[in-house]
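Subject: Structure handover

Hello,

Here is the structure I said I would pass on. Please have it open while you read the notes under it.

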Amino acid sequence: MNVQIIEFDARYAREIRALARAAMESAGILPKTIDLYLEDDFDYETIGEKYQGRSQFWLALSGRKVVGTIAMAEVDKTIVRLRRMFVLPDFQGESIGQQLFDVALKFAQDKKYKKIILDTDKRMHNAQLFYEKNGFLKVKNVGDRFFYERMV
């Protein structure tokens, strides 16, 4: 499926939160855990400030509907953390995640990062398969979180 990938636009902030919830629910993550991710860890109110310069947040749009997201957040000058990678359940398997990742990878290359790191919930099986297909290696497990990395 062909989508338009754009940098974050505040008009879509509410849709971004709903998309993340739908993606996690479809993976079987419990509502109370989703609430923790969305309220305690997710930076919905500050996306525009947090993801700029050497960090970035993108949206995948199908028409005017947000169908996917991805972000890269600088850890230091050599490491960037992949975050917020979600695709609406009805749009999964349509290469949207790959298109988003390709944009994020190019960003990491252009900014001369050496390594990309990420973590994901153990129940996000499709995400784990996707990351491994794209060259990420699982480096550790901590509780319900799996940690991955790959060289840029």
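Predicted model: local features only at pLDDT ≥ 70, side-chain atom pairs only at ≥ 80, totals over all residues.

Aromatic rings

The structure contains 8 aromatic pairs. In one of them, the ring centres of Phe8 and Phe57 are 5.8 Å apart and the planes stand at 80°, which is over 60, so the pair counts as edge-to-face. Are the two partners buried or exposed? Phe8 is partly exposed, at 22% relative accessibility, and Phe57 is buried, at 0%.

Another pair is formed by Phe101 and Phe136. Their ring centres are also 5.8 Å apart, with the planes at 65°, so this pair is edge-to-face. Phe101 belongs to helix 4 and Phe136 to the loop between helix 5 (125-133) and strand 6 (137-142), so the pair ties together parts 35 residues apart in sequence. Phe101 is buried, with a relative accessible area of 1%, and Phe136 is buried with 2%. Both residues are members of one aromatic cluster, together with Phe130, Tyr131 and Tyr148.

Charges over rings

Which ring lies under the charged end of Lys138? That ring belongs to Phe146, and the distance to its centre is 4.0 Å. Lys140 is placed over the face of Phe147, 5.1 Å from the ring centre.

Pro89

Pro89 is found in the loop between strand 4 and helix 4. Its relative accessible area is 30%, so Pro89 counts as partly exposed. Beyond its neighbours within four places in sequence, Pro89 is in contact with Ala22, Ala23 and Ser26. From Pro89 to Glu49 there are 40 residues in sequence and 28 Å in space, C-alpha to C-alpha.

Two positive phi angles

Most residues other than glycine have a negative phi. Arg84 has a positive phi, near 60°. Arg84 is in strand 4 (residues 79-87) and is buried, at 8% relative accessibility. Ser95 also has a positive phi, near 75°. Ser95 is in the loop between strand 4 and helix 4 (96-110), and its 38% relative accessibility makes it partly exposed.

Regards

Note on methods. Residues numbered from 1 in each chain as written. Heavy atoms only, no water. Helix = DSSP H or I, 4+ residues; strand = E, 2+ residues; numbered from the N terminus. Buried < 20%, exposed > 50% of the residue type's maximum accessible area, 1.4 Å probe, protein only. Contact = heavy atoms within 4.5 Å. Phe/Tyr/Trp six-rings, centres within 6.5 Å; stacked < 30°, edge-to-face > 60°. Lys NZ or Arg CZ within 6 Å of the ring centre and 35° of its normal.
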